[in-house]
Amino acid sequence: DLFDRFARPACPEQLDSPVLHRVLCHEPLRPHVFGGKGVGSQGDGSAQFVARSAEDQQKVVEILEGDLGLQCLTLTLGSGPKARKALIPAAGFGTRLFPASKAAKKELFPVVDRDGIAKPAILLIVEEALEAGIEEVVIVVQEQDLGDFRSFFDTQISIENFNKLPRHFQEYARRILDMGRRVKFVTQTAQEGFGHAVYCAREAIGDEPFLLMLGDHVYRANGEVSCARQLVEAYQRSGKSVVGLRRTSESEIASFGTATGRWIEPEVLLNVTEFAEKPTVDYARSNLRVPGLPDGEYLTVFGQYVVKPQLFAYLEENIRNNVREGGEFQLTSALDRLRQEDGVLGLAIQGQRFDIGLPDHYVEALQTFRRN
């Protein structure tokens, strides 16, 4: 459409591309492709399509050959490196939960899961990461809290107390130790912001993509596929860094990172064109509107990401040059740099997130997890 509007008028007898237009406008193809383009002389030499799946690829071939009488060649491109590791920053203090946060880290606050087991929040997050296919989990903690986290994942309770447990709790106690073998810890010596906490794990993560999950959020999917798995699978399909997004009312966006862009799949997958950290309503109205969303509604960051390791280089540059947002090293500017240089997609997550650092949200999480 943009080509026809701006380029074709310059030389209509050379750029009309009748075959290409007929192919790209063939309605039966649309459910099976992300998009297509013409390649070759006058844009009419051949057409290339990006199929949504292997099954869609075969369907595209059948449509092109059967409906339009065209010859087809298939090409399957392998995905990039798999996201094998997860990073969970858990080094915050829990100011809004004081004085309870003086007794226990907010990441260790209990949530009763749907199976009836009372689990510390950090365990729910680790379980979700492992269920999504993650092989190793890196948790960033304050040095003085390392013993509490490590003993939970690495140390079995006394034999006397173990014998008092019902059998299903004994089995779960063993399972926690099994999970603990896949958990590593990194310490953050000074609380310098979310971006700084992420940067502290650069050596533990290495040069590979990783799943990033907030340590003071718990997540609940609407269906069978967990929120983290939705993101990991989107990354594997696209090969692009993917940020989880959720629809949020205008009255709340000043508390969240907010994204805008153009839909690749309407209301599902977004090509992100800008990130803004806790924007004002006026700025959001002028710059962050997303096509298809009603007035007063925006897309904010869900609290889960799958990102490429280039992010660490951008964070290092911010730290070296003392580039701060609100007095701290945040993730948003580095994430926006990643967007500019490599591209970032936004996935509308089918699920809910609960910031347990907020008392009311913590209560809501307790109610939701036990009920659902």
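Reader: Leaving aside neighbours within four places in sequence, which residues is G35 in contact with?

Author: G35 is in contact with Q48, F49 and V50. Bear in mind that this is a predicted model.

Reader: Where is G35 found?

Author: G35 is found in strand β1, residues 33-39. Sequence and space can be set side by side here. G35 and A51 are 16 residues apart in sequence, and their C-alpha atoms are 7.8 Å apart in space.

Reader: How should I read its accessibility: buried, partly exposed or exposed?

Author: Use the cut-offs. Buried means under 20% relative accessible area, and exposed means over 50%. G35 has 29%, so it is partly exposed.

Reader: Now the whole protein. How many helices and strands does it have?

Author: The protein has 15 helices and 15 strands. Its C-alpha trace spans about 85 × 45 × 40 Å along the principal axes. Of its 372 residues, 45% count as buried.

Reader: Which side chain makes a polar contact with the side chain of E250?

Author: That of R285, at 2.8 Å. Then widen the view. Beyond four places in sequence, E250 is in contact with V281, R285, G296 and Y298.

Reader: Give me a second case. Where is D216 found, and is it buried or exposed?

Author: D216 lies in the loop between β8 and β9 (217-221). Its relative accessible area is 15%, so D216 is buried.

Reader: Which side chains make polar contacts with that of D216?

Author: Those of K106, at 2.9 Å, and H217, at 2.9 Å. Not counting residues up to four places away, D216 touches K106, E107, F354, D355, I356 and G357.

Reader: Next, a helix. Which residues of α13 are buried?

Author: Helix α13 covers residues 310-320, and L311, F312, Y314, L315 and N318 are buried there. Now ask how they are placed around the axis. They cover an arc of only 165 degrees, so they lie on the same side of α13.

Reader: What do the buried residues of α13 pack against?

Author: They pack against α9 (194-199), α10 (202-205), β8 (210-213), β13 (297-307) and α14 (332-342).

Reader: What follows α13?

Author: N322 comes after the helix, with a positive phi near 55 degrees. Check the residue type too: N322 is not a glycine. N322 lies in the loop between α13 and α14. Its relative accessible area is 46%, so N322 is partly exposed.

Reader: And what is the phi of E267?

Author: It is near 60 degrees, a positive value in a residue other than glycine. E267 is in the loop between β11 and β12 (269-277). At 43% relative accessibility, E267 counts as partly exposed.

Reader: Last, the peptide bond. Which kind joins F98 and P99, cis or trans?

Author: Read omega. It is about 10 degrees, and the bond is cis. P99 is found in the loop between β3 (85-89) and α4 (100-103).

Methods
Residues are numbered from 1 along each chain as its sequence is written. This is a predicted model: local features need pLDDT of at least 70, side-chain atom pairs count only at pLDDT 80 or more; totals for chains, interfaces and linings use all residues. Side-chain values use heavy atoms; hydrogens and water are left out. Helices (H or I, at least four residues) and strands (E, at least two) are DSSP runs, numbered from the N terminus. Buried means under 20% relative accessible area, exposed over 50%, partly exposed in between (1.4 Å probe, protein chains only). A polar contact is a pair of N or O atoms within 3.5 Å; within protein, one must be able to donate a hydrogen and the other to accept it, and residues adjacent in sequence count only if both atoms are side-chain atoms. Contact means heavy atoms within 4.5 Å. The arc is that of the directions from the helix axis to the C-beta atoms.
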